[in-house]
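Subject: Model handover, with notes

Hi,

Here is the model I promised to pass on.

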Amino acid sequence: LDPIPCALRDLVEPKMRALAVRAHAPGLELACRIGPDVPDGVLGDPNRLRQVLVTLVGNAIKFTTRGEVVVTVERVSGGEPGGEVELRFMVRDTGVGIPLDKHKAVFEPFEQADGWTTRRYGGTGLGLSLLRRPAALMGGTAAAARAVGPGSTFTVTVKERRGNDPAGADAAVA
């Protein structure tokens, strides 16, 4: 990891705008909400955080043909200035979904939920497996959550040191 002071919203929002172009091409809605209690200033590795975000959102777009992809960033715990803060990046989509018994398998290298998924959507099955290491290095986890209704929900938690919030940082919804 290469932890440096960074403004979380300045890291997430431009990446979401770039990914929105990919989402809008097939007619998907891409939304992002950063919780008001999420500190803006963190001491973290912006490249690894971007990697996590791009992988999660990119997969959601790939496996969603209609509907939406919603990204939520929320504070799980901590957040005192200078202390540790645990953040959760959650991506929910209205795509094909993943059977409950395959949730762990999709985080293994070269695994996908089933052969149909591989034939229809392509890919190597490496995307989600690549999330585990950066999440663990940042003191967190990567997991699939049981979604209510169609689609999937993936979460990655990370622990970062809280830095100084940039002057005039806006905690508004992205």
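Predicted model: local features only at pLDDT ≥ 70, side-chain atom pairs only at ≥ 80, totals over all residues.

Residues are numbered from 1 along each chain as its sequence is written, and side-chain values use heavy atoms, with hydrogens and water left out.

**Overall picture**

The chain has four helices and seven strands. Both are DSSP runs numbered from the N terminus (helices are H or I, at least four residues; strands are E, at least two). Reading from the N terminus, the order is β-α-β-β-α-β-β-α-α-β-β.

Of the 174 residues in the chain, 44% are buried. Buried here is under 20% relative accessible area, exposed is over 50%, and partly exposed is in between (1.4 Å probe, protein chains only). The chain exposes about 8,800 Å², with carbon and sulfur atoms supplying 52% of that; the areas come from the Shrake-Rupley method with a 1.4 Å probe, and for residues only the protein chains shown count as cover.

As for contacts (heavy atoms within 4.5 Å), take those in the chain with a separation of 6 or more: 70% of them come from residues 24 or more positions apart.

**Helix packing**

Two packed helices are described by the angle between their axes and the distance between the axes. The axes are lines fitted to C-alpha atoms, for helices over the stretch in contact, and angles run from 0 to 180 degrees between N-to-C directions.

Start with helix 1 (residues 8–24) and helix 2, which pack at an angle of about 30° with their axes 10 Å apart. That makes helix 1 roughly parallel to helix 2; angles under 35 degrees get that label, over 145 is roughly antiparallel, 65 to 115 is roughly perpendicular, and the rest are oblique. Helix 1 passes helix 2 in a right-handed crossing. By handedness, a crossing is left-handed if the near helix is turned anticlockwise from the far one by less than a right angle, and right-handed if clockwise.

On the helix 1 side the contact includes Leu8, Leu11, Val12 and Lys15, and on the helix 2 side it includes Pro46, Leu49, Arg50 and Leu53. By class, this contact has twelve nonpolar, one polar and three charged residues. For the classes, Ala, Val, Leu, Ile, Met, Phe, Trp, Tyr, Cys and Pro count as nonpolar, Asp, Glu, Lys and Arg as charged, and the others, Gly among them, as polar.

Helix 2 (residues 46–62) also meets helix 4 (residues 129–137): their axes come within 10 Å and cross at roughly 150°. That makes helix 2 roughly antiparallel to helix 4, and the crossing is left-handed. Arg48, Gln51, Val52, Thr55 and Leu56 of helix 2 make the contact with Leu130, Leu131 and Pro134 of helix 4. By class, that is five nonpolar, two polar and one charged residues.

Which residues of helix 4 are buried? They are Ser129, Leu131, Pro134 and Ala135. The buried residues of helix 4 pack against helix 2, strand 6 (142–145) and strand 7 (153–162). After helix 4 comes Gly139, with a positive phi near 75°.

- Val38 is in the loop between strand 2 (29–34) and strand 3 (41–44). Val38 counts as buried, at 3% relative accessibility. Val38 and Glu74 are 36 residues apart in sequence but 5.9 Å apart in space, C-alpha to C-alpha. Not counting residues up to four places away in sequence, Val38 touches Leu8, Arg9, Val73, Glu74, Arg75 and Leu87.
- Thr72 lies in strand 4 (residues 68–78) and is buried at 15% relative accessibility.
- Thr94 sits in the loop between strand 5 (84–93) and helix 3 (115–121). Thr94 is partly exposed, at 26% relative accessibility. Thr94 and Gly151 are 57 residues apart in sequence and 4.0 Å apart in space, C-alpha to C-alpha.
- Asn164 is in the segment after strand 7 and is exposed, with a relative accessible area of 73%.

Cheers
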